[in-house]
Amino acid sequence: MDTNTVICPGSFDPVTLGHIDIIKRATKMFDKVIVAVLVNMSKTPSFTIDERIAFLEEALSDVDNIEIVGFSGLLADYAKERGAKAVVKGLRAMSDFEYEFQMALTNKKLNPDLDTVFLTSDSQYMYLSSSMVKQVASLGGDISFFVPACIHAKVYERLKNNSNQKGK
Ligand code: PNS
């Protein structure tokens, strides 16, 4: 049987409620969702690949048709290897559009069978980003509105005294 498999890629450093909303909506639209966590980020991540995957697994433990994996190299190649027919990404504001459009077209050029599907961010998460979560936590602010409740304490503990994040 032909399974409609898609990929939700990202750094997830750390995962936010905005990411969870997009991933869960994708699981309702497609047979299987591969959440692909970028291993080799250009900037040093705050959380290791194992931590980023563990947070996603905890926050998505109630979802069946999902697989959470680390990936490195080109997303277009990884999608082909896994038989995924589309990349699913969330779009927050117009400011996301240019970069996301560039990535979508690059991926399409590298793998012509791969489409990108954009889901509009839920209005309550329009402003949310991992870097904003890191900055607020490092300055002692409340991040409970921004990250899943089950990982909130762990994320906060790690970030709250991390002066490296301040100002980033
Ligand atoms: O959460 P992010 O940082 O917006 O995710 C970016 C990601 C992981 C989707 C993007 O950096 C990516 O696909 N990286 C893999 C390398 C690649 O394929 N680059 C060429 C197309 S942009």
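This is a predicted model: local features need pLDDT of at least 70, side-chain atom pairs count only at pLDDT 80 or more; totals for chains, interfaces and linings use all residues.
Local features require pLDDT of at least 70 and side-chain atom pairs count only at pLDDT 80 or more, whereas totals for chains, interfaces and linings use all residues. Residues are numbered from 1 along each chain as its sequence is written, and side-chain values use heavy atoms, with hydrogens and water left out.

**View 1. The elements of the chain.** Six helices and five strands make up the elements of the chain (DSSP runs of H or I with at least four residues, or of E with at least two, numbered from the N terminus). Their order from the N terminus is β-α-β-α-β-α-β-α-β-α-α.

View 2. The residues around the ligand (one heavy atom within 4 Å) are Pro 9, Gly 10, Ser 11, Leu 38, Phe 71, Gly 73, Leu 74, Leu 75, Lys 89, Met 103 and Asn 107. The protein buries 72% of the 540 Å² that the ligand exposes when taken alone (Shrake-Rupley method, 1.4 Å probe). Both β1 (5-10) and α4 (94-110) give two or more residues to this shell.

View 3. From Ser 11, a polar side-chain atom lies 2.7 Å from an oxygen atom of the ligand. From Leu 75, the atom is a backbone N or O, at 2.9 Å from a ligand oxygen atom.

Notes. A polar contact is a pair of N or O atoms within 3.5 Å; within protein, one must be able to donate a hydrogen and the other to accept it, and residues adjacent in sequence count only if both atoms are side-chain atoms.
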